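Let us walk through a protein fold step by step. Keep the structure in view and find each part as it comes up.

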Amino acid sequence: MEKIDKKANILEAAEKLFAELGYEATSTRHIAKEAGANMAMINYYFGSKEGVFMEIMSKRIADFNTQLTSITQDRLSGMEKLLKVIEGYASRILCNHGLHKMMHRELSLPHRPEMFFKIKNSMAENLFVIERIINEGIADGSFRQVDVRMLIATLMGTISNVAISPSKITSGTTLDINNEEDRKVITARLITHLKDLIITYLTPKNDT
């Protein structure tokens with residue numbers, strides 16, 4: 001149990017530091033100090049700083065996959081499933097927007113393509129589940145014919161954009177995404193917008 005707790009402490013400390021400082025500025029020494037662990041323990045569990053980062057990302061992706069699997073197994077309509085998926089994804093990203101912002105920045109750097117492709121390939125499975133929900137809705141007539149991948153890019157891109165550049169929607173207000181209560185307001189606003197978009201865009205139009 002102590003080993004599990006130590007590993008969890010290291011991951012929690014690393015996630016906090018990566019979000020606050022960025023990948024480059026965070027060292028294994030920083031992580032060890034924050035976690036109350038030693039360097040040997042980090043090397044034993046993860047091998048390197050990249051190993052710690054990959055563990056965090058893999059866990060987040062796996063957790064979302066578990067959530068997706070649960071939703072797809074529910075006795076819900078295609079629309080209900082899709083709305084639940086988007087609500088869950090938006091909440092997850094904005095809950096830890098700092099890490100998402102860091103991940104987006106770091107993985108776009110040309111000198112770490114291997115890390116980028118590892119995470120991209122892991123995420124592809126989750127995106128395929130979302131694509132399947134939409135395609136099934138189109139097949140049974142509950143959704144209209146659309147460019148499915150462009151729709152997914154629109155939904156995910158909007159969530160990512162709000163997490164990375166919240167000022168685009170908070171400018172002129174007192175809302176601050178770093179404030180927990182304000183973040184709840186921003187998240188609710190984002191989810192409402194995406195649900196409206198999905199329902200309006202996917203609902204078949206009646207011929208008149």
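A nonpolar core is a set of buried Ala, Val, Leu, Ile, Met, Phe, Trp, Tyr and Cys residues joined through side-chain atoms within 4.5 Å. Buried means under 20% relative accessible area, exposed over 50%, and partly exposed in between, with a 1.4 Å probe and protein chains only. This is a predicted model, in which local features need pLDDT of at least 70, side-chain atom pairs count only at pLDDT 80 or more, and totals for chains, interfaces and linings use all residues. Residues are numbered from 1 along each chain as its sequence is written, and side-chain values use heavy atoms, with hydrogens and water left out.

Start with the core. The largest nonpolar core holds 34 residues. Which of its residues touch the most other members? They are Leu82, Leu94, Ile130, Ile134, Ile159, Ile198 and Leu202. At least two core residues come from each of α4 (49-73), α5 (78-95), α7 (113-139), α8 (148-164) and α10 (180-202). The top contributor is α5, with 9 residues. Helices (H or I, at least four residues) and strands (E, at least two) are DSSP runs, numbered from the N terminus. A second core is separate and has 25 residues, including Leu11, Phe18, Ile56 and Ile61. In soluble globular proteins, nonpolar side chains tend to be buried together.

Now step back to the whole chain. There are 10 helices and 0 strands. The C-alpha trace spans about 70 × 40 × 35 Å along its principal axes. Of the 208 residues, 39% are buried. Contact means heavy atoms within 4.5 Å. Take the contacts between residues at least 6 apart in sequence: 69% of them join residues at least 24 apart.

Next, look at how helices pack. Axes are lines fitted to C-alpha atoms, for helices over the stretch in contact, and angles run from 0 to 180 degrees between N-to-C directions. The axes of α4 and α7 come within 10 Å and cross at roughly 5°. Angles under 35 degrees count as roughly parallel, over 145 as roughly antiparallel, 65 to 115 as roughly perpendicular and the rest as oblique. So α4 and α7 are roughly parallel to each other. Among the residues that meet are Phe53, Ile61 and Leu68 in α4 and Ile119, Val129 and Ile133 in α7.

The pair α7 and α8 packs at about 125°, with axes 10 Å apart. That angle makes α7 oblique to α8. Leu127, Ile130, Glu131, Ile134, Asn135 and Ile138 of α7 make the contact with Val148, Arg149, Leu151, Ile152 and Met156 of α8. These residues divide into 8 nonpolar, 1 polar and 2 charged. Here Ala, Val, Leu, Ile, Met, Phe, Trp, Tyr, Cys and Pro count as nonpolar, Asp, Glu, Lys and Arg as charged, and the others, Gly among them, as polar.

Finally, zoom in on single residues. Leu151 lies in helix α8. Why does Leu151 count as buried? Its relative accessibility is 4%. Beyond four places in sequence, Leu151 contacts Ile134, Val146, Leu197, Tyr201 and Leu202. Leu151 and Ile134 are 17 residues apart in sequence, and their C-alpha atoms are 9.5 Å apart. Thr187 is in helix α10. Thr187 counts as buried at 12% relative accessibility. With neighbours within four places left aside, Thr187 is in contact with Ala90, Ser91 and Leu94.
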